There are 2 protein chains.
Amino acid sequence: MKNPLLSFILFLAFGIMDQAQTIESPDGQLSLHFKIKEGKAIYALDFGQKSVIKPSHLGFEIKDQEPLADGFVLVESQTESHDSYWTPVWGEEDRIRNHYNELLVSLLQESTERKLNIRFRLFDTGLGFRYEFPLQDKLAHFVIKEELTQFAMAGDHTAFWIPGDYDTQEYDYTESKLSEIRQQMENAVTGNLSQQPFSLTGVQTSLMMKTDDGLYINLHEAALIDYATMHLNLDDETFTFQSWLNPDAIGDKGYLQAPSHSPWRTVIVSDDARKILESRITYNLNEPSKIEDTSWIRPMKYIGVWWEMITGKSSWAYTDELPSVRLGETDYTKVKPNGRHGATTENVKRYIDFAAEHGFQGVLVEGWNIGWEDWFGNSKDYVFDFVTPYPDFDLEGIRDYAKSKGVEMVMHHETSSSVRNYERHLDKAYQFMKDHGYHSVKSGYVGDILPRGENHYSQWIVNHFQHAIEKAADYQIMVNAHEAVRPTGVARTWPNLIANESARGTEFQAFGGNKPNHVTVLPFTRLIGGPMDYTPGVFAMDISKINPDNNSWVNSTLTNQLALYVTMYSPLQMAADLPENYERFMDAFQFIKDVPVDWKESKYLEAEPGYYLTIARKDKNSNNWFVGSVNGIQERVSEISFDFLDPEKTYIATIYADGKDAHYRNNPQDYIIRKVVVNAKSKLKQKKASAGGYAISIMEASKEETKGIKKL
Amino acid sequence: MKNPLLSFILFLAFGIMDQAQTIESPDGQLSLHFKIKEGKAIYALDFGQKSVIKPSHLGFEIKDQEPLADGFVLVESQTESHDSYWTPVWGEEDRIRNHYNELLVSLLQESTERKLNIRFRLFDTGLGFRYEFPLQDKLAHFVIKEELTQFAMAGDHTAFWIPGDYDTQEYDYTESKLSEIRQQMENAVTGNLSQQPFSLTGVQTSLMMKTDDGLYINLHEAALIDYATMHLNLDDETFTFQSWLNPDAIGDKGYLQAPSHSPWRTVIVSDDARKILESRITYNLNEPSKIEDTSWIRPMKYIGVWWEMITGKSSWAYTDELPSVRLGETDYTKVKPNGRHGATTENVKRYIDFAAEHGFQGVLVEGWNIGWEDWFGNSKDYVFDFVTPYPDFDLEGIRDYAKSKGVEMVMHHETSSSVRNYERHLDKAYQFMKDHGYHSVKSGYVGDILPRGENHYSQWIVNHFQHAIEKAADYQIMVNAHEAVRPTGVARTWPNLIANESARGTEFQAFGGNKPNHVTVLPFTRLIGGPMDYTPGVFAMDISKINPDNNSWVNSTLTNQLALYVTMYSPLQMAADLPENYERFMDAFQFIKDVPVDWKESKYLEAEPGYYLTIARKDKNSNNWFVGSVNGIQERVSEISFDFLDPEKTYIATIYADGKDAHYRNNPQDYIIRKVVVNAKSKLKQKKASAGGYAISIMEASKEETKGIKKL
């Protein structure tokens with residue numbers, strides 16, 4: 001605590017001294033205050049002298065019971081310090097420090113004799129706290145009507161937000177003052193195949209904010225297991241967020257039993273936006289890996305028969321003749337193929353060849369399995385069986401061909417949100433993958449959940465997503481779940497959850513486009529919880545050239561796309577574009593070929609949410625470094641130092657940058673590639689176009705190799 | 001058609017002749033009329049000159065589409081006759097005739113170009129009809145808002161009904177005029193652990209009615225597969241029932257895709273109540289067995305550690321110390337047993353000994369597996385694992401002990417209506433049964449369905465029940481599902497569905513009692529769809545003698561209980577009472593030991609729903625016959641002839657009858673057993689007490705054996 005006086009004054013404001021508790025972060029910068037005031041549990045968080053969370057209430061509304069929100073007395077409090085390191089299976093670094101001071105308060109609601117504990121962990125980069133329900137006589141099983149956690153903000157901060165919704169996170173971020181959320185909500189709620197916004201001031205986490213006095217504040221949660229997803233609803237007169245748990249079909253928000261606990265609620269805070277990205281609070285608040293042998297979990301790059309369907313050039317469906325398919329009954333050999341089916345043996349082999357030639361480990365194929373003719377929007381329970389290929393997809397032949405080329409097929413399990421059907425087939429589908437040597441699966445939950453009434457983020461469905469991950473681990477299968485709940489660091493515990501979508505990904509560039517600054521926001525929001533399968537790497541921005549009926553435009557320059565392989569951390573990275581588009585830009589494509597997907601170390605060089613972001617990462621398996629820098633809509637000059645390099649070594653840097661006239665809309669493919677020699681003393685000033693960026697590969701080089709190459 | 005003139009007049013009333021269709025039953029007694037009138041599809045059913053179903057509309061309301069209920073034209077009609085026999089795996093006879101005349105009408109709704117077919121099958125004992133949705137362009141996937149099937153009754157009939165409800169059938173039957181249903185509904189809706197009545201004139205099927213002019217009419221459905229359960233809602237001014245499909249969580253009533261069809265709607269009708277019981281329409285309208293090798297499906301009698309829990313003498317739970325259990329975490333070896341646990345090794349062995357001594361093939365044990373401390377009413381998803389025994393239940397030891405005694409254990413799977421949890425564990429649970437030699441399972445669905453919002457009889461849950469049956473067949477497991485949807489003859493197709501509860505069973509005798517005439521109604525209602533695990537055989541009517549805190553009384557005489565083994569057909573019959581109670585009445589218990597559970601032939605000797613019922617059945621594996629006769633509340637003299645016996649043979653009949661002073665309430669254990677010689681010419685007049693009855697075993701005997709025994 002830098003300013004003990006402020007702390008003292010705050011405590012006086014809180015009320016009776018003997019029930020007040022304070023802990024500080026290990027570096028003393030953050031202070032967490034807890035007290036009981038007039039029977040209510042209240043916490044507050046300060047960053048130095050600045051208030052991050054003003055005194056805010058904690059508690060619950062319980063169905064058919066008294067609220068568990070007041071009448072509390074503090075029975076006991078305990079503090080503890082923790083400092084340790086752990087080794088992630090994959091990640092932005094190979095070693096993570098878990099360093100915090102903890103306060104555990106044990107509360108008793110005297111009138112009902114119910115007990116509630118709250119555990120706070122204060123890290124240098126922020127706060128995590130959770131509710132704990134100890135084993136007790138007066139509270140065994142209970143139904144949450146609402147969680148009453150407040151986050152009272154100290155002012156009308158600028159926020160990067162998406163609408164609170166029970167079914168989708170696939171929105172563009174809106175940058176606005178908190179006070180402007182209400183008026184901007186209508187525009188922010190853009191169309192989606194399944195959506196259910198809940199309030200005019202409701203937003204989702206992770207929520208990124210910036211205060212007028214320069215604090216960066218991020219609200220999210222960690223370790224969402226068997227609990228409803230937490231959204232936030234804003235009281236826009238007081239700027240106080242309150243938790244808004246995702247309800248089930250009858251409006252209940254969670255079925256709990258003691259002993260148990262809520263997920264952690266997190267407040268990441270810094271006066272430096274880069275520290276938000278550095279923070280590992282979210283993982284640290286999750287349990288260590290429950291998978292003992294993790295040798296089968298391998299980060300990888302992949303390509304896929306996918307963008308051609310997303311753009312509308314080809315189709316997932318085999319035929320246009322079937323308005324209604326019955327799996328096991330419909331005879332596909334009797335219908336006329338539509339001639340646009342993407343997942344044909346021939347086409348897939350073309351992708352396998354491309355992957356093998358350019359060093360991609362995986363090839364994803366969507367639309368390989370029967371059922372796509374009526375898969376969407378039909379409330380069809382038995383919609384896919386996950387094991388039967390279309391007649392033009394030679395599963396064994398493709399499997400063997402891929403193997404002969406050293407490439408692995410990536411399985412695709414679209415569920416159409418018929419989650420019971422998926423669970424019924426899960427064992428067989430995973431076993432089928434094992435039998436055929438597919439070690440990773442992209443799963444999808446497009447459309448409204450079956451049974452109708454349920455939605456994507458309720459406790460019941462969160463529990464399903466978790467079930468699929470845990471069962472996949474039994475089969476040593478890596479999961480990349482799309483349209484599942486946004487991650488909350490659970491990949492620490494289940495590192496086979498190698499990626500999620502759970503945000504507006506590249507696909508929307510072919511559905512009308514993403515905001516040009518979208519990728520400068522995502523690392524501060526969606527990626528706080530874990531890696532995203534954003535599927536970057538689109539080189540051909542004019543989608544009408546792929547499909548004349550699609551006038552979408554990819555709002556990005558080509559080198560911005562390259563930078564994403566560094567800025568959008570994921571152990572699973574796709575090169576999303578068509579092979580023929582890459583073949584037109586082989587020099588730029590080299591960066592995608594070179595860039596690794598697993599890292600020893602990461603340096604956050606420049607960061608401003610919504611505006612720019614520059615990250616340098618060191619390959620886990622070499623001394624090479626890679627830099628990615630993305631830009632928002634305003635042109636900008638990035639200035640970086642290479643002081644992260646080993647001062648003893650020399651490197652050759654290949655800089656892939658926007659060309660002089662580059663502009664995401666007018667000239668996205670204008671880029672310059674230059675090779676220079678760099679060392680730890682090098683510095684770079686690099687212009688970035690609107691929605692542009694640059695990428696640098698920095699390869700350790702011998703004197704010999706640097707000969708004839710200019711110094712930076 | 002006995003009266004062609006009537007038919008002709010009816011047709012004139014229907015409208016344009018060229019769109020009118022009529023078929024008759026094979027015996028000419030029933031006539032079915034169909035026509036399009038002002039664009040509406042209308043059917044009517046006559047029994048001789050009597051109207052059974054007055055002209056009634058057919059059709060659907062479809063969500064987000066035009067109703068599929070008018071604007072029809074008749075495109076085509078086809079008739080067909082069918083006559084064949086099939087052999088049930090088990091049943092009331094060993095050979096069933098399937099004999100009907102069929103009318104298939106193909107309708108087109110011209111304004112929408114949607115097609116709808118209706119198939120009628122007219123048997124001697126009634127009508128079945130269903131909707132068929134052919135493959136077509138304009139109707140592929142659709143959502144049923146309501147099925148608009150009418151059953152217009154010809155008058156204010158007397159009905160035996162239970163309240164229409166989305167979650168339970170466990171009601172006593174009310175006998176009333178149709179016009180009185182509304183006023184009696186409130187009394188009829190008695191408490192249940194899960195219930196959701198839907199209308200003041202809503203009733204369930206199978207619904208039994210009697211007209212003032214002596215017709216018996218039964219409305220039900222057959223082959224309920226992947227469709228919502230049909231209830232009936234009465235317009236009590238016109239006495240017209242309309243189908244009321246069971247909705248899901250959002251009120252939708254079914255998700256269909258063409259080609260498909262509805263279940264069959266059945267109208268069983270006769271002027272002789274016995275013919276209602278003889279009718280095999282329900283089975284005949286189901287598909288033949290899908291299980292090829294049925295040798296493992298074996299009817300059986302069983303006892304169980306069950307009645308002691310039902311009466312409250314002992315408990316399912318092992319301890320009273322755990323308000324909250326976490327399977328896999330809660331350590332049962334560390335808690336204090338409550339001393340009342342029924343499923344202890346010692347107690348189970350006592351039942352095994354009793355079963356072995358008295359020739360019962362099976363022993364059911366409830367409460368053997370962990371989780372019963374908090375199993376009910378807690379919305380607990382992971383409530384049971386179906387494989388882990390309590391510490392005082394030695395699974396292997398019991399299994400081996402039973403085997404050594406020639407007895408087989410019956411598995412118990414209470415799901416607590418957490419259906420997803422059950423499905424997740426189904427493979428393991430069934431494999432566990434196989435590994436341990438359990439070939440049959442009693443499953444249970446007590447309480448509200450999880451996920452909340454769903455209910456017991458929606459399409460989604462009907463689909464679950466079916467899934468459990470079909471998966472059980474894969475493991476060669478017989479299913480006796482309690483609290484599942486009432487059967488609709490599906491056991492023909494899946495004969496491993498050996499029984500259901502799905503009505504108010506004997507357990508309610510320990511929960512305050514059933515109406516004294518309950519068992520005279522059930523064969524006309526609940527049993528129309530298939531066998532019931534009614535669990536008869538209670539000899540000790542004063543429950544307070546088992547548990548002083550339970551003042552329930554079993555509303556039945558002892559010999560009424562014996563008769564149930566014949567009148568309540570099931571291939572699975574329990575002897576429900578405690579061994580110590582049977583030991584007090586070993587002479588009467590002999591009947592339960594003797595009675596078979598599978599039959600060659602059945603004769604319905606006397607029948608009047610709500611009042612009396614006498615059935616004779618011939619053992620499938622011998623020449624022995626067994627008679628059961630149950631009585632309603634009024635004393636009655638049953639008069640039967642033994643002309644069903646082989647005239648060439650002589651038999652010894654043991655008659656177990658109410659004693660002189662027998663009365664279900666005052667003197668239920670007053671009974672007389674006498675042995676007499678009978679042959680095909682014998683006749684019997686036998687008095688039955690209030691809620692009394694008699695049972696007769698009729699064993700083929702040699703001259704030698706009959707010596708010294710009086711002739712009847």
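Colleague: Which residue forms a salt bridge with Arg97(B)?
Modeller: A salt bridge puts a side-chain nitrogen of Lys or Arg within 4 Å of a carboxyl oxygen of Asp or Glu. In this predicted model, local features need pLDDT of at least 70, side-chain atom pairs count only at pLDDT 80 or more, and totals for chains, interfaces and linings use all residues. Side-chain values use heavy atoms, without hydrogens and water. With its closest N and O atoms 2.6 Å apart, the partner of Arg97(B) is Asp83(B).

Colleague: How many residues apart in sequence are the parts that this pair ties together?
Modeller: Helices (H or I, at least four residues) and strands (E, at least two) are DSSP runs numbered from the N terminus. Arg97(B) lies in strand 7 (residues 96-109) of chain B and Asp83(B) in strand 6 (residues 72-86) of chain B, so the parts tied together are apart in sequence by 14 residues.

Colleague: Is Arg350(A) buried, partly exposed or exposed?
Modeller: Buried means under 20% relative accessible area, exposed over 50%, and partly exposed in between (1.4 Å probe, protein chains only). Arg350(A) has a relative accessible area of 34%, so this residue is partly exposed.

Colleague: Which residue meets Arg350(A) in a salt bridge?
Modeller: Arg350(A) sits in helix 6 (residues 345-358) of chain A, and the partner is 230 residues apart from it, in helix 12 (residues 579-583) of chain A. The N to O distance is 3.0 Å, and the partner is Glu580(A).

Colleague: How many salt bridges does the structure hold over all chains?
Modeller: One of them joins the side chains of Arg130(B) and Glu132(B) at 2.8 Å, N to O. Over all chains, the number of salt bridges is 78.

Note on methods. Residues numbered from 1 in each chain as written. Chains lettered and ligands numbered in written order.
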